[in-house]
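Let us take a walk through a protein together. Have the sequence and the 3D view ready, and follow along one stop at a time.

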Amino acid sequence: MRPLLLLAALALAPALFAADKPNILFLFSDDHALNAISAYGGPLKDLAPTPNIDRIAKDGVVFTRSYCGNSICGPSRATILTGKHSHINGFPDNDGSRFDGSQTTFPKLLQKAGYQTSIIGKWHLATDPTGFDHWDILPEQGNYYNPDFISPEGRKHEEGYCTDIITDKAIAWLESRDKSKPFVLMCQNKAPHRNWMPALRHMELYKEVSFPEPATLFDNYEGRSSTLKEQQMMVAKNLSWGADMKFKGENQYPDFFTSESPNGEYRRMTDEQKQAWDEVRDPENEAFLADMKAGKLKPDDVTRWKYQRYVKDYLRCVRAVDENVGRVLDYLDKTGLAKNTLVIYSSDQGFYLGEHGWFDKRWMFEESLSMPFIARWPGVVKPGTRNQTLIQNIDYAPTFLEAAGVPIPAGIQGKSLLPVLKGETPADWRKAIYYFYSGERTHHVAPHDGVRTDRYKLMYFPSTKEWNLFDLEKDPQELKSVHDDPAYATVLEEMKKTYEQERRDYHVSPSTIPATRFNENWWKPRHEN
Ligand code: SGN
Ligand code: CA
């Protein structure tokens, strides 16, 4: 080759390199229920649609059997980064775990392979991010209003609404990055996490709507593990007066509302923000209090009112997420990045929107075991498809590595979804996923683990030595365990075998799932016990 031509080829190399390797845009939220994404087709899809997340679905694939390995924030995030279940990656709970940033993660491997790596928004893994060229994260859980951010430069206070700011920062980073390299950007919202604080522009959204109540809003917890009755995540009993339900001052109805925390987000607002908030909220609160004073509401009516307030604020937070997803997608279209970018929409776990009478997550029941996973990748993923393959958050890291042409390290427990994304699920794909939850003080959900196949779910509760078995085809709402039904004896036996096999495959040891549910200190952070 003539020297000049060689020089020209070398100068072009980074651009060619960038074109070869896909960019990866990981759009992630916190506690986003599948029932609050219209592409999943749940009962709220027409009343509270998510048109921008649905754009990804329309041009891509919706995974309908997508699960986490441990339905809680830090563990799910640590699993995504490492491709390993949380009992292996060292972050099994939000009660004192700290992420060991020296371990191998997919951003580190992509960085080595020439990617620019960036994380913006909620991180929640206690230690500083490693493997990122750029990071700008919320401290801990972060705030909705006028949030602080932490970056290598220190802590900075930003004025505005968190979901908008995270997207502003994401787009600014996409603009300023080294454009000769492919990128991975993890854009991670706080929303729609508790305490479900809507943006001011969405305060009146759904004002006139009455959302349908889930059939199990008044679940009696019979026919399943006795530990179900011990949890503290009920719409009826465990929503707080100030932070959750957004009343001001003293709790006037302690029989119906807990008083745990005042609304710290309101305190963070500027005077103008407070005024705009009050103009809408105060009259709504007064109307409820007047009805209470007049004795118009029976206890179940109060639960119904709380459900409406909860789900409306939650869906308003989702609306801001959806709008901001639209902004990023527009940016990809405008800059031409869309055609070579794998876009994922996901959330750290699912969430209860009143099903089983609950808010929050943690249980291995469908609503919180599920993770939204919607993927778009022009030329690879067939647009407008749905896929029932059993996938899990351990699969994300190997998928990103294979997409970038990087070898998958041996210790990774997940499988690359590349063939699945191409619509070619291998015949020897997994037949079951493994799940465990190790118990925490918050919400008093007992430790349990289990396996889920296409049709059945087996759960084990070590503190009470109970098995629960669900036939998801006949009982999709998981209202009655059939573990002691003789008609299911063979299924139970098979499922127990699968459970033992999965525990061996994933190196689960007896200490992974504590049996300490009824220990008087069970609810304390483990390091204090
Ligand atoms: C906080 C919330 C809980 C929530 C956990 C974990 N309480 O403790 O309701 O389950 O976070 O959420 S709050 O009163 O502080 O809002 S997670 O997303 O980090 O797993
Ligand atoms: Ca979460």
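This is a predicted model: local features need pLDDT of at least 70, side-chain atom pairs count only at pLDDT 80 or more; totals for chains, interfaces and linings use all residues.

Lys465 is another residue other than glycine with a positive phi, near 55°. You will find Lys465 in the loop between strand S15 (456-461) and strand S16 (466-471). With a relative accessibility of 65%, Lys465 counts as exposed.

The backbone has something else to show you. Most peptide bonds are trans. Yet the bond from Ala191 to Pro192 is cis, with omega near -5°. The bond from Arg194 to Asn195 is cis as well, and its omega is near 10°. Pro192 lies in the loop between S8 and H7, and Asn195 has its place in the loop between S8 and H7 too.

Now turn to the calcium ion (ligand 2). Which residues supply its protein donors? They are Asp30, Asp31, Asp348 and Gln349, with donor atoms lying 2.1 to 2.8 Å from the ion. Written as a pattern along the sequence, the donor residues are spaced D-D-x316-D-Q. Asp30 belongs to the loop between strand S1 (23-29) and helix H2 (51-58), while Gln349 belongs to the loop between strand S9 (341-347) and helix H10 (366-369); this pair links distant parts of the chain, 319 residues apart. Are these two residues buried or exposed? Asp30 has a relative accessible area of 0% and is buried, and Gln349, at 0% relative accessibility, counts as buried too. As for geometry, the six donor atoms around the calcium ion (ligand 2) subtend angles of 50 to 161°, so their arrangement is irregular.

Stay with Asp30 for a moment, for it has another partner. Side chains of opposite charge can pair when their charged atoms come close. Here the side chains of Arg77 and Asp30 meet in a salt bridge, at 3.7 Å from N to O. Because Arg77 lies in helix H3 (residues 73-82) and Asp30 in the loop between S1 and H2, the pair ties together parts that are 47 residues apart in sequence. Both Arg77 and Asp30 are buried.

How many salt bridges does a search of the whole structure find? The total is 43. One of them joins Arg155 to Asp148, with the closest N and O atoms 3.0 Å apart. Lys169 is in helix H6 (residues 162-176) and Glu158 in the loop between strand S7 (154-157) and H6, 11 residues apart. Lys169 counts as buried at 16% relative accessibility, and Glu158 is buried at 17%.

Next, visit Glu213, in the loop between strand S8 (183-188) and helix H7 (264-268). At 31% relative accessibility, Glu213 counts as partly exposed. A polar contact of 3.1 Å joins the side chains of Glu213 and Arg304. The C-alpha atoms of Glu213 and Arg304 are separated by 7.9 Å, though the residues are 91 apart along the chain.

Our last stop is the interior. In soluble globular proteins, nonpolar side chains tend to be buried together. The largest nonpolar core here has 76 residues, and those with the most contacts inside it are Tyr310, Tyr314 and Ile374. Several elements each supply at least two residues of this core, including S1, H2 and helix H8 (271-293). H9 gives the most, with 15 residues. Apart from this core lies another, of 65 residues, among them Tyr221, Leu342, Phe365 and Phe373.

Definitions and conventions:
Residues are numbered from 1 along each chain as its sequence is written. Chains are lettered from A and ligands numbered from 1 in the order in which they are written. Side-chain values use heavy atoms; hydrogens and water are left out. Donors are N, O and S atoms within 2.8 Å of the metal (3.2 Å for Na, K and Ca); water is not among the atoms, so sites may look incomplete. Four donors count as tetrahedral if all angles lie between 85 and 135 degrees; four count as square planar and six as octahedral if opposite donors are over 155 degrees apart and all others between 65 and 115; anything else is irregular. Helices (H or I, at least four residues) and strands (E, at least two) are DSSP runs, numbered from the N terminus. Buried means under 20% relative accessible area, exposed over 50%, partly exposed in between (1.4 Å probe, protein chains only). A salt bridge is a side-chain nitrogen of Lys or Arg within 4 Å of a carboxyl oxygen of Asp or Glu. A polar contact is a pair of N or O atoms within 3.5 Å; within protein, one must be able to donate a hydrogen and the other to accept it, and residues adjacent in sequence count only if both atoms are side-chain atoms. A nonpolar core is a set of buried Ala, Val, Leu, Ile, Met, Phe, Trp, Tyr and Cys residues joined through side-chain atoms within 4.5 Å.
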